[in-house]
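Please examine the sequence and the model shown here before reading the report.

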Amino acid sequence: MKRIKFSIPISLDYFNAFRGFLEAVEWGYGDTYFLLGSDVVKLVEVKFREGVKPEEVLGELLEIPYVKDAKLIPKNGHYLLYVRANLLHAPLPENVSRFFEVQKRGMVIFEKGIFSTEGFYLYVVCEEGLLGDVISAVKEVYGARVVSVEDYTPGENPLLKLTGRQFEVLLLAYKSGYFDSPRRVTLRELSQMLGLSPSTVKEHLRKGLKRVLEEVVE
């Protein structure tokens with residue numbers, strides 16, 4: 001496996017709708033995302049610049065036509081930003097299908113994104129045999145340049161035993177502070193973020209935690 005670090009210019013048209021948000025943020029880290037039907041759910045930790053009012057930035061995000069929901073959850077002096085957007089109406093690059101074509105041929109994981117005043121960086125993990133195709137696709141779609149390529153060896157991770165939906169629910173619950181004491185989001189809020197009923201979310205949490213514990217304890 002290989003991990004590639006890309007530098008992506010934030011002058012792209014795709015970022016125009018988020019220009020005000022990007023200018024208000026000092027740094028962002030994580031940029032985890034997953035798909036729910038035709039929607040994409042993104043989670044990213046952000047710290048706003050001094051003097052910026054987070055609630056005003058959130059209001060601007062909610063005014064973007066294809067953004068269906070957005071929340072800011074306080075976390076250790078900064079925030080976890082949750083955004084749910086409709087992919088069918090988002091101004092994605094026309095050739096973004098290149099990503100899906102490559103992903104059909106093997107494992108390609110968009111691991112995380114990091115952005116700051118210095119620029120936007122994307123980390124992608126892929127099978128060694130797909131390295132050239134992944135680099136070509138990201139360069140073509142986003143005009144990116146390769147910063148580094150390194151070997152990547154995934155360890156035994158109990159999360160790999162989860163179903164896709166169990167992983168998504170556990171990830172969002174953990175990152176949004178559902179397991180914190182006191183909790184920073186309720187089960188109902190979590191279910192609204194996922195577009196699922198509270199009972200369904202509770203069941204995914206129960207089964208997901210049970211499976212993780214089975215892998216760790218046994």
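## Domain organisation

This is a predicted model. Its chain is divided into domain 1, covering residues 2-151, and domain 2, covering residues 158-215. A distance of 23 Å separates the C-alpha centres of domain 1 and domain 2. To the contact, domain 1 contributes 13 residues and domain 2 contributes 12 residues.

## The interface between the domains

Between domain 1 and domain 2, about 1200 Å² of area is buried, and carbon and sulfur atoms give 65% of this area. How many salt bridges are there between domain 1 and domain 2? The count is 0.

Four strands each supply at least two residues of the side of domain 1 that touches domain 2: strand 2 (25-36), strand 3 (39-48), strand 4 (67-75) and strand 5 (78-86). By class, this side of domain 1 comprises 9 nonpolar residues, 1 polar residue and 3 charged residues.

## Salt bridges

Side chains of opposite charge can pair when their charged atoms come close. The structure as a whole holds 13 salt bridges. One of them joins E150 to R3, with a separation of 2.9 Å between the closest N and O atoms.

## Aromatic pairs

A pair of aromatic rings is described by the distance of the centres and the angle of the planes. Across the whole structure, the search finds 5 aromatic pairs. For F21 and F48, the ring centres are 6.5 Å apart and the planes stand at 85°, so the pair is edge-to-face. Here too, distant parts of the chain are linked: F21 lies in helix 1 (residues 19-24) and F48 in strand 3, 27 residues apart.

## A cis peptide bond

Where is P182 found? P182 is located in the loop between helix 5 (164-176) and helix 6 (187-194). The peptide bond leading from S181 to P182 is cis, its omega being near 0°.

Definitions and conventions:
Residues numbered from 1 in each chain as written. Predicted model: local features only at pLDDT ≥ 70, side-chain atom pairs only at ≥ 80, totals over all residues. Heavy atoms only, no water. Domains from an automatic or database assignment. Contact = heavy atoms within 4.5 Å. Buried area = accessible area lost by both parts, 1.4 Å probe. Salt bridge = Lys/Arg side-chain N within 4 Å of Asp/Glu carboxyl O. Nonpolar A, V, L, I, M, F, W, Y, C, P; charged D, E, K, R; others polar. Phe/Tyr/Trp six-rings, centres within 6.5 Å; stacked < 30°, edge-to-face > 60°.
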